[in-house]
Amino acid sequence: METQLDPMKDDLPLMANTSYMLVKHYVLDLDVDFKGKVIEGSIVLFLETGSQYRKTSSADKECCQSQFDEACEMRASEPCHIPMTNVRTCSSKTEYNDFAISGKEVEATSDENSNHSNSEHASGFSSSKDRCDIENHGNKDFLLVLDCCDLSVLKVEEVDVAAVSGIEKFTRPAKLTGVSQELENLRNQIVHELVTLPADHWKEQLYYFTHCSQAPGCGELLFSTGTWSLEIRKSGIQTPAAFPHAIRIWYKTKPEGRSVTWTTDQSGRPCVYTMGSPINNRALFPCQEPPIALSTWQASVRTAAGFVVLMSGENSAEPVQLREGVLSWYYYVSMPMPASTFTIAVGCWQEVKQQSFKQTAANETNTEFSLPSSQTDFRWHEEICGHVEYPCRFQNPAARLQAVIPYRVFAPWCLMESCEEYLLQLVPQCLSAAYATLGTHPFSRLDVLIVPSNFSSLGMASPHIIFLSQSVLPGGSHLCGTRLCHEIAHAWFGLAIGARDWTEEWISEGFATFLEDIFWARAQQLSHDEMKGQQELKALLRWRRLRDEVQNSEEELQVLRPKKESTGELSESGASVVKYGLKAEKIFMQVHYLKGYFLLRSLARTIGEVSYLASLRKFVIKFHGQLVLSQDFLSMLLEDIPKQKGSGLTVESIFQNWLDTSGIPK
């Protein structure tokens with residue numbers, strides 16, 4: 001059972017127990033049904049034991065077991081009732097003692113359903129007695145908790161990865177020293193070997209992820225769904241190490257699900273897309289939402305012919321016809337990212353093409369941008385990345401020289417002309433300006449999509465794809481260019497470098513707001529005086545907006561680090577909350593953009609813009625592919641500029657004056 005929160009004004013719970021198990025890779029296999037307004041299919045999760053379990057089990061396995069007993073304490077259930085339907089239920093109640101809300105321990109209970117399919121091949125579910133035993137005596141069973149909301153979960157099963165042809169290479173006796181040869185242990189060892197392959201084997205890894213995800217099931221797992229979570233267990237399995245490391249979840253979304261919106265585009269054609277919901281992607285697929293749960297993914301999406309599927313993916317997918325009238329689209333990523341950054345848009349999008357002479361002119365303009373001389377101070381090829389292993393562009397000589405990554409622009413048919421006139425020409429200019437400022441593009445390509453008119457923001461950035469509102473088009477090149485620069489900046493700040501605690505939104509939005517001015521000035525090739533004049537005018541407008549917002553909003557929502565010294569802390573299980581994440585008015589506030597911008601502007605003016613931008617580039621090199629807290633950036637900045645310590649500028653003073661208080665610093 002789980003804590004019940006007011007969905008209109010409270011904190012957003014992150015329920016996944018990531019300290020015990022981490023999803024390393026997702027394989028989605030989905031069908032998009034516009035008539036029923038549902039997305040349905042399956043998702044396969046490849047898991048590894050989490051840091052809390054590894055730490056405790058190596059020190060004291062008995063202590064570890066007692067923690068699971070406490071975290072997953074099961075009450076004796078009511079007698080099971082087995083209805084004669086496709087889905088059978090067993091009533092249960094669970095008690096959590098380690099889920100923290102606003103720093104307080106909360107204990108609550110609610111009724112849930114434990115479900116599984118009535119399949120002929122169900123394993124271990126042969127009688128009502130079997131079904132009830134897990135509830136009456138399952139207090140020692142390990143419980144995998146995933147973030148999930150507004151989904152109909154139909155079945156959960158273990159995947160027999162050992163049945164995959166050629167998988168024997170991951171089961172050599174030398175690799176199984178000290179490990180039981182039992183089949184279940186063998187399957188988990190295969191998954192372990194697969195998810196820990198070195199980065200230069202990423203293609204082989206993707207190949208086996210694909211084939212393992214298509215392996216047959218080898219036994220259904222018990223599960224229960226609540227308002228915010230999906231809980232999965234296997235009878236008799238008491239630790240994460242013994243829990244199946246490859247599971248398949250069959251599910252479908254609900255038309256009212258809050259992660260995607262079903263609507264029509266500006267040409268009146270149906271479409272569906274992820275619009276940046278406060279609940280993120282948990283109503284699109286069961287996942288682990290805490291930022292620490294970095295994972296890769298791949299997805300096959302089938303839809304009717306005439307529709308185009310765009311997604312967060314490294315490849316520019318080309319459709320494959322499965323049968324008449326049905327196309328399949330396939331995307332993948334090899335850089336681990338939070339599941340919340342996954343994005344999809346399915347509609348009758350048209351790719352905006354440019355006349356060849358215009359394209360040539362744009363490319364010639366791009367060559368005028370180059371890295372500033374201070375960039376060469378960093379010996380890129382000698383840098384050792386601090387992130388988990390993956391095929392990193394910062395270690396790729398060709399990628400480091402790529403000022404403009406491959407890009408495409410998509411829009412509804414009726415907006416094609418406007419996009420060709422302004423947006424298409426601006427993309428390479430803004431990409432080049434960003435490269436000149438920060439260096440290597442973290443992502444290998446970019447799609448830009450003009451989304452439907454119900455989109456509530458001006459833009460949204462995700463890996464490999466940017467959504468832009470149609471509102472930026474009538475504003476000509478200036479409005480379109482500044483918003484594009486803002487979203488491109490998120491490739492570095494917000495995506496390649498993410499906040500370890502989502503309450504520190506300013507790390508993403510403050511940096512993107514500050515950098516959009518730098519990028520846009522370079523894209524326009526303004527003189528120094530013109531650039532300063534433009535930036536001062538924008539600063540004045542932002543100041544007035546921030547002042548008005550501070551005067552007309554709750555003080556608690558004006559704090560950039562609302563959890564203060566508790567920022568980044570997790571419960572023992574890994575569960576946490578996003579403070580004020582579900583407050584309705586927070587969606588319309590810009591304090592994290594504007595107050596964060598003014599903090600960074602103040603630091604740049606104090607330190608000097610040249611030194612400041614050099615520190616930003618150093619920060620990107622050091623922390624790309626990682627999650628950070630405010631102090632990571634501030635400490636590095638002040639260490640780089642020792643003289644600032646004498647001026648009284650410290651991490652603590654910045655916390656006190658800027659991040660931990662409401663209002664605007666004097």
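Reply: Start with Arg561, which lies over the face of Phe655, 3.7 Å from the ring centre. To count as sitting over a ring, NZ of Lys or CZ of Arg has to be within 6 Å of the ring centre and within 35 degrees of the ring normal. Arg542 does it too: its charged end sits over the ring of Tyr597, at 4.5 Å from the centre.

A word on what you're looking at: this is a predicted model, where local features need pLDDT of at least 70 and side-chain atom pairs count only at pLDDT 80 or more, while totals for chains, interfaces and linings use all residues. Residues are numbered from 1 along each chain as its sequence is written, and side-chain values use heavy atoms, with hydrogens and water left out.

Back to Phe655. It's one of the buried residues of helix H16 (residues 651-659), along with Val651, Ser653, Ile654, Trp658 and Leu659. (Buried is under 20% relative accessible area, exposed is over 50%, and partly exposed is in between, using a 1.4 Å probe and protein chains only. Helices are DSSP runs of H or I with at least four residues, strands are E runs of at least two, and both are numbered from the N terminus.) Those buried H16 residues pack against helix H10 (506-524), helix H12 (591-607) and helix H14 (630-640); contact here means heavy atoms within 4.5 Å.

Now look at Tyr612. Leaving out residues up to four places away in sequence, Tyr612 touches Phe511, Phe514, Leu600, Leu603, Ala604, Ile607, Phe633 and Leu637. Together with Ile232 and Leu423, Tyr612 touches the most other members of the largest nonpolar core, which has 151 residues. Such a core is a set of buried Ala, Val, Leu, Ile, Met, Phe, Trp, Tyr and Cys residues joined through side-chain atoms within 4.5 Å. Domain 1 (12-54 + 140-254 + 278-301) and domain 2 (493-570 + 582-665) both contribute residues, so this core lies between them; the domain bounds come from an automatic or database domain assignment. There's also a second, separate core of 19 residues, with Val27, Val159, Val161 and Cys212 among them.

What about rings meeting rings? Phe493, Trp506, Phe511, Phe619, Phe623 and Phe633 make up one aromatic cluster. Rings of Phe, Tyr and Trp (its six-membered ring) pair if their centres lie within 6.5 Å; planes under 30 degrees apart are stacked, over 60 edge-to-face, and the rest tilted. By that rule there are 24 aromatic pairs. Take Phe46 and Phe209: their ring centres are 4.8 Å apart and their planes are at 55°, so the pair is tilted. Phe46 is in strand E3 (residues 38-49) and Phe209 in helix H5 (residues 202-213), so this pair ties together parts 163 residues apart in sequence. Phe46 is buried at 0% relative accessibility, and Phe209 is buried too, at 2%.

Tyr273 and Phe467 give you an edge-to-face pair, 5.9 Å centre to centre with 80° between the planes. Tyr273 lies in strand E15 (residues 270-274) and Phe467 in strand E25 (residues 465-468), so parts 194 residues apart in sequence are tied together. Tyr273 is buried at 1% relative accessibility, and Phe467 is buried with a relative accessible area of 1%.

Follow E25 and you reach an open sheet of 5 strands with mixed pairing, in the order E21-E22-E23-E25-E24. Two strands pair if DSSP finds at least two bridges between them; E24 and E25 pair in the antiparallel sense over 4 bridges.
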